[in-house]
Amino acid sequence: MPEQYSPKILGFLCNWCCYTAADSAGVGRYQYPPNLRVIRMMCTGRLDPSFPLEGLAHGADGIFVGGCHPGECHYIDGNYHALVSASLVHAMLGKLGIEKERFLIDWASAAEGPNFVKIITAFTKKISALGPLGQAEGRDQAELQRNLAAAAEAARGRKLRTGLINAGREMMKTGDFSRTAIAGLVHDKCDKSLSELFV
């Protein structure tokens with residue numbers, strides 16, 4: 001029986017909730033896969049959409065973003081804005097032909113060490129099943145990494161930034177924070193720029 005693939009997973013964790021949940025899981029000696037490499041952020045609202053794309057371009061097989069539960073952000077609405085950035089990342093992965101399951105955004109409060117363990121264990125299993133970047137996609141890994149680097153550069157560009165800002169404003173105006181509604185807003189505000197990039 002072949003040995004199961006051990007993926008490289010990069011995590012961006014909110015200082016106040018998910019990072020603290022990970023810490024409490026360690027203190028409580030909960031067991032979870034050691035594949036996650038963590039970057040601590042003050043808030044997931046500071047997640048630039050280029051960060052996950054850069055992570056995949058530089059060798060990660062999966063990207064996890066973890067923050068406070070919606071409505072419990074220490075900076076009021078930061079995690080809602082993180083959902084807007086995450087929706088753009090998912091859209092760009094789709095345009096590149098990369099499995100969207102390689103990128104996950106989820107929530108765990110500071111007191112939810114066991115929930116953090118559950119999320120990371122399930123995500124690691126999913127990425128293990130997908131294998132190295134390119135395997136599930138049936139594409140050359142080096143080519144995908146080059147395309148991801150180009151996509152990360154585009155995500156830092158003015159057109160997509162403007163689209164994201166407008167999507168975020170519209171989200172706050174409507175008060176609909178469902179992932180489906182946010183994906184629709186990102187599509188409306190950014191799809192033209194994305195279509196120009198991925199021709």
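This passage describes the positions, accessibility and contacts of a few residues in a predicted model.

The model is predicted, with local features requiring pLDDT of at least 70 and side-chain atom pairs counting only at pLDDT 80 or more, while totals for chains, interfaces and linings use all residues. Residues are numbered from 1 along each chain as its sequence is written, and side-chain values use heavy atoms, with hydrogens and water left out. Helices (H or I, at least four residues) and strands (E, at least two) are DSSP runs numbered from the N terminus.

Two residues were examined for burial, where buried means under 20% relative accessible area, exposed over 50% and partly exposed in between (1.4 Å probe, protein chains only). Ser50 belongs to helix 2, which spans residues 50-57. Ser50 is buried because its relative accessibility is 2%. Leaving aside residues up to four places away in sequence, Ser50 touches Ala152, Ala155 and Arg156; contact here means heavy atoms within 4.5 Å. Thr44 is found in the loop between strand 2 and helix 2, and is likewise buried, at 2% relative accessibility. With residues up to four places away in sequence again not counted, the contacts of Thr44 include Cys14, Val65, Gly66, Asn79 and Trp107.

Backbone geometry was also considered. Most residues other than glycine have a negative phi. Arg29, although not a glycine, has a positive phi of about 60°. Arg29 is in the loop between helix 1 (18-27) and strand 2 (36-41), and is exposed, with a relative accessible area of 71%. Ile76 also has a positive phi, near 75°. The loop between strand 3 (62-67) and helix 3 (78-96) contains Ile76, which counts as exposed because its relative accessible area is 69%.
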